[in-house]
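Morning, everyone. Have a look at the chain first.

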Amino acid sequence: MKYMLLIYGDEQALSETERQDCYVESTQLAHQLHSSGQYLAANPLHPTSMATSIRVRDGKRLVTDGPFAETREQLGGYFLIEAKNLDEALAIAAKIPMARKGTVEVRPVIEIAGLPTKQDVENGRQLCSRLGSVLNVPQRVRLRRFLRLRPR
């Protein structure tokens, strides 16, 4: 089963040195998880000062700078893992460095049939790459939009 490990903490709690140490330790954990076949993805997030929120009400977009709600702890990153059960996911979450200073929320992922797979995305990129050599720039842009792929 897939689990999302959402990492929360006070953005101001770590010095730059502590933050870099946390990244190093998190990268080591990601490699350990990859070796055991449990790693799917992980990334830190930019601070909430870089966030933009959007709400759509009655067909109108309301875009605001910053996070949706002010809280003591902010979402700072995530791990997406494969685990046999909640106990195994919790054991992995406890190894995340920010679990010692903040909170790691562990949530099972609902897998919806019909969503693009990683292989679908890679196949689309390969096709786009092959066609890119024979298409002009406007055609490539339209193809990427059609395939809903971002340029590399």
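I'll go through the rules, then the pairs.

This is a predicted model, so local features need pLDDT of at least 70, side-chain atom pairs count only at pLDDT 80 or more, and totals for chains, interfaces and linings use all residues. Side-chain values use heavy atoms, with hydrogens and water left out, and residues are numbered from 1 along each chain as its sequence is written.

How many salt bridges does the rule give? Five. The rule: a side-chain nitrogen of Lys or Arg within 4 Å of a carboxyl oxygen of Asp or Glu.

Take Glu25 and Arg100. Their closest N and O atoms are 3.0 Å apart. This pair links distant parts of the chain, 75 residues apart. Glu25 is in helix 1 (residues 16-35), and Arg100 is in the loop between helix 2 (86-93) and strand 6. Helices (H or I, at least four residues) and strands (E, at least two) are DSSP runs, numbered from the N terminus.

Next, Glu111 and Lys2. N to O is 3.4 Å. Again distant parts are linked, here 109 residues apart. Lys2 sits in strand 1 (residues 2-9); Glu111 sits in the loop between strand 6 (103-108) and helix 3 (118-132).

Then Arg107 with Glu105, at 3.5 Å.

Now, exposure. Buried means under 20% relative accessible area, exposed over 50%, partly exposed in between (1.4 Å probe, protein chains only). Arg100 is exposed at 57%, and Glu111 is exposed at 52%. Partly exposed: Glu25 at 29%, Lys2 at 25%, Arg107 at 45% and Glu105 at 28%.
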